[in-house]
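I opened my notebook to look up a few things in this structure. Come along and check each entry with me.

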Amino acid sequence: MTDDSEDPNDETQYHLAVGSDDVADTVLLPGDPERIEKITNQWDESELVAEHREFRTATGEYDGAPISTTSTGIGSPSAAIAVEELARVGCETFLRVGSCGAIQPEMDIGDLVITSGAVRQEGTSGEYVREDFPASADDRVVAALVAAAEQLGHDYHVGVTASTDSFYAGQGRPGFEGFEAAGSEELVEELKGAGVLNFEMEASAILSLATLYGLRAGAVCTVYANRTTGEFRTEGENRAAETASLATALLARMDERAREAGAKRWYPGLGIDD
């Protein structure tokens, strides 16, 4: 079977319209294209390099580290396209950056959730691998995100995320005219009881694909809503982006430490600070 029809242009990716010279090794993945400018405003320098459909890409530098960001749109199908095409042009690290709904009562609006693993309640990753394959974040990415949140003084929680295909029924919300999907009434309580921290719509697919391809990924989201307390505010929007940007610089230092030590990969004993 020929691949020609699947890759009409070897140099520029079909959906993202980027090539290997357009992006850094590490890419932040927000959903909303309008978040690209909000992210790059925090960098030392940046340039918009491509824009096609929901995919907007910028590349620049943060604290000496090359960095890119690509918007994915809403949901795992388009997020998987972004990972696929970015990987094909050489990207190796992916940090999902976004907003989420918390389901644990002690979590406040504006807190960060750093994902260690995700419930695969979306269909995209299931088209790649069996349903019991774990969606796990890379430990180095988690460590860098935690270190960044600590340095920035942001309140954060580390744990399991639930990624869904539906903002409404899939997250236990009523649909049009009060429609309730089967099992939706129990969904939040079941996940809450299992210690799951939050709902969002892309992390598990991003984590799964990165693991399958031998790449590394993680996710950090700002809490906009708490489904247990009933609070909702778009507060702390820039905290996740700020944390992920600093984490990128920290990952660069971690990788350098590993090279200097002759280690196969970074581990906590090597430290992060200069």
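This is a predicted model: local features need pLDDT of at least 70, side-chain atom pairs count only at pLDDT 80 or more; totals for chains, interfaces and linings use all residues.

Where is the place of P174? I looked, and P174 sits in the loop between β8 and α4.

**Entry 1**

I stayed with P174 for a moment.

Is E177 buried or exposed? I noted it as exposed, because its relative accessibility is 71%.

E180 is another residue I found in this loop, which runs between β8 (156-164) and α4 (184-193). E180 is exposed, with a relative accessible area of 51%. Together with E185, E186 and E190, E180 forms a negative surface patch.

**Entry 2: another positive phi**

Next I went to D63, in the loop between β3 (55-62) and β4 (65-70). D63 is not a glycine, yet its phi is positive, about 50°. I wrote D63 down as partly exposed, at 42% relative accessibility.

**Entry 3: a nonpolar patch**

Which residues make the nonpolar surface patch of about 260 Å²? I found Y128, L212 and Y213 there. L212 lies in helix α5 (residues 203-212). With a relative accessible area of 34%, L212 is partly exposed.

**Entry 4: helix α6**

I then followed helix α6, which covers residues 237-261 and has 25 residues. From its first C-alpha to its last it reaches 37 Å, close to the 36 Å expected at 1.5 Å a residue. After α6 comes G262, with a positive phi near 70°.

**Entry 5: salt bridges**

How many salt bridges does the structure hold? My tally is 15 salt bridges. Side chains of opposite charge can pair when their charged atoms come close.

I looked up E237 and K38, whose side chains meet in a salt bridge at 3.0 Å, N to O. This pair links distant parts of the chain, 199 residues apart: E237 is in helix α6 and K38 is in helix α1 (residues 35-40). E237 is partly exposed, with a relative accessible area of 31%, and K38 is partly exposed at 35% relative accessibility.

E84 and R88 form a salt bridge as well, with their closest N and O atoms 3.1 Å apart. Why are E84 and R88 separated by about one helical turn? It is because they are four residues apart in helix α2 (residues 76-88). An α-helix has 3.6 residues a turn, so residues three or four places apart point the same way. I noted that E84 counts as buried, at 14% relative accessibility, whereas R88 is exposed, with a relative accessible area of 52%.

R233 and E231 came next: they form a salt bridge in which the closest N and O atoms are 3.5 Å apart. R233 is partly exposed, with a relative accessible area of 37%, and E231 is partly exposed, with 33%.

Conventions: Residues are numbered from 1 along each chain as its sequence is written. Side-chain values use heavy atoms; hydrogens and water are left out. Patches are made of residues with over 30% relative accessible area and no salt bridge: like charges are joined within 9 Å, nonpolar side chains (Val, Leu, Ile, Met, Phe, Trp, Tyr) within 5 Å. Accessible areas come from the Shrake-Rupley method with a 1.4 Å probe; for residues, only the protein chains shown count as cover. A salt bridge is a side-chain nitrogen of Lys or Arg within 4 Å of a carboxyl oxygen of Asp or Glu. Lys and Arg count as positive and Asp and Glu as negative; His and the chain ends are not counted. The place of a charge is taken as NZ of Lys, CZ of Arg, CG of Asp or CD of Glu. Helices (H or I, at least four residues) and strands (E, at least two) are DSSP runs, numbered from the N terminus. Buried means under 20% relative accessible area, exposed over 50%, partly exposed in between (1.4 Å probe, protein chains only). The expected span of a helix is 1.5 Å times one less than its number of residues.
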